[in-house]
Amino acid sequence: MNRSFPQPPVALTIAGSDSGGGAGIQADLHTFAAHGVHGTSVVTAVTAQNTRGVSAAETIAEPLVRAQLDAVLGDFDVAAVKTGMLGGDELLAVVAEYGQEDRLPNLVIDPVMVTTTGDALFAGDPAAYLGRLGPFATILTPNLIETGQLLGREIGSAAEMREAARALATYGPRAVLVKGGHAADEERSVDVLWCDGQMLDLAAPRVDTRNDHGTGCTLASAIAARLALGHPLPQAVAGAKTYVTEALKAAAGWRLGSGPGPVHHHHGRKSAAL
Ligand SMILES: Nc1ncnc2c1ncn2[C@@H]1O[C@H](COP(=O)(O)OP(=O)(O)OP(=O)(O)O)[C@@H](O)[C@H]1O
Ligand SMILES: Cc1ncc(COP(=O)(O)O)c(N)n1
């Protein structure tokens with residue numbers, strides 16, 4: 001075997017399956033591949049889902065989730081981890097246990113609670129999320145609704161987003177990114193990043209599209225991919241945001257399904273079809 005052969009870094013997603021392919025595990029693996037990172041996965045739930053919504057969902061039994069975690073972590077040199085849908089308190093506790101054992105490096109936590117279409121994907125206690133996973137997280141990436149649920153108050157304005165990022169950081173993560181995809185601003189989509197004691201606004205032009213399914217999953221896995229590639233945290237977040245903006249632009253004219261469709265994860269690559 002040629003040991004000097006270049007090796008891709010390995011990232012792990014711990015998330016639910018979206019049968020429509022726009023969010024969850026499917027979006028994460030697309031994103032890892034687009035970054036040249038080998039993607040491994042621990043499936044936490046299976047959802048029957050399309051661009052119109054979720055018609056059924058079932059979480060995977062705890063022993064099988066543990067077996068997947070042990071299979072991946074016991075063999076691969078995982079450089080970064082992203083968590084998405086955990087379904088409820090039981091799997092939240094499992095992930096927290098692996099975090100406590102220091103087995104989840106560069107941990108990006110997307111605290112998935114509800115889909116854009118309004119379907120609940122977390123049946124547990126939102127307040128428990130922070131206490132359990134916060135201390136092991138490199139970064140938390142809640143959207144406006146999730147930020148409100150985590151803190152138990154409504155978040156809307158830029159000032160409220162900044163204050164919320166600071167408040168969430170007290171639970172232990174190195175950074176918090178409060179995402180503004182659902183904010184009222186029609187010109188720009190502004191996320192607020194609190195990192196190493198500094199506040200930063202990350203703004204991008206708002207893309208005029210209905211296809212924004214899975215942008216949160218894509219952003220979090222792009223951050224994990226960039227951390228796996230060795231980027232420093234603030235650069236990984238800024239680069240991931242640019243990647244999402246380009247993915248939104250490249251899919252703006254797509255008509256995949258009749259509701260909010262997926263983004264173009266491989267926008268940087270020419271394909272035979274497009
Ligand atoms: N129309 C848009 N134009 C530009 N950026 C956008 C747009 N919609 C979302 N974003 C960006 O996409 C990222 C995900 O943000 P969002 O607030 O939509 O998260 P989310 O609700 O978790 O995503 P999801 O749609 O997967 O539920 C953020 O960086 C946000 O600024
Ligand atoms: C399995 C799974 N995980 C996460 C999301 C959130 O993504 P969105 O809010 O874009 O629907 C989802 N819809 N499905």
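In which sense do β1 and β4 pair, and over how many bridges? The legends below, which describe a predicted model, take up this question after an overview of the chain.

**Figure 1. Overall view of the protein chain in the predicted model.** The secondary structure of the chain comprises 8 helices and 9 strands. Along the principal axes, the C-alpha atoms occupy a box of roughly 50 × 45 × 40 Å. A compact globule of 274 residues would have a radius of gyration near 19 Å, and the value of 17 Å for this chain therefore agrees with that expectation. Of the 274 residues, 50% are buried. Among contacts between residues at least 6 apart in sequence, 71% join residues at least 24 apart.

**Figure 2. Close-up of the pairing between β1 and β4.** The two strands, β1 and β4, pair in the parallel sense over 5 bridges. Val10 has Val78, in β4, as its bridge partner. Strand β4 spans residues 78–83 and is mostly covered, with 5 of its 6 residues buried. In a regular strand, side chains alternate between the two faces of the sheet.

**Figure 3. Close-up of β4, β5 and the helix that links them.** Strand β5, residues 107–109, pairs with β4 in the parallel sense over 3 bridges. Within this pairing, Lys82 stands opposite Val108 in β5. From β4 the chain crosses through helix α3, residues 89–100, to β5, and this β-α-β crossover is right-handed.

**Figure 4. Close-up of the residues around ligand 1.** The shell around ligand 1 is formed by 23 residues, of which Asn143, Lys179, Gly181, Ser189 and Gly216 are the closest. At least two residues of this shell come from each of β8 (188–195), α7 and α8 (233–250). By residue class, the shell around ligand 1 holds 7 nonpolar, 11 polar and 5 charged residues.

**Figure 5. Close-up of the residues around ligand 2.** Ligand 2 is surrounded by 17 residues, and the closest are Gly16, Ala23, Gly24, Thr115 and Thr116. Three elements, β1 (10–18), β2 (38–50) and α7 (215–228), each supply at least two residues of this shell. Strand β1 gives the most, with 3 residues. The shell around ligand 2 divides into 6 nonpolar, 10 polar and 1 charged. Helix α7 supplies at least two residues to the shell around ligand 2 and at least two to the shell around ligand 1. Strand β1, in turn, contributes to the shell around ligand 2 and pairs with β4.

Key:
Residues numbered from 1 in each chain as written. Chains lettered and ligands numbered in written order. Predicted model: local features only at pLDDT ≥ 70, side-chain atom pairs only at ≥ 80, totals over all residues. Near = placed C-beta within 6 Å. Helix = DSSP H or I, 4+ residues; strand = E, 2+ residues; numbered from the N terminus. Nonpolar A, V, L, I, M, F, W, Y, C, P; charged D, E, K, R; others polar. Rg over C-alpha atoms; globule rule 2.2 N^0.38 Å. Buried ≥ 20, exposed ≤ 12 C-beta atoms within 10 Å, placed from the backbone. Contact = placed C-beta atoms within 7 Å. Pairing = 2+ DSSP bridges. Right-handed = clockwise from strand over helix to strand, strands pointing away.
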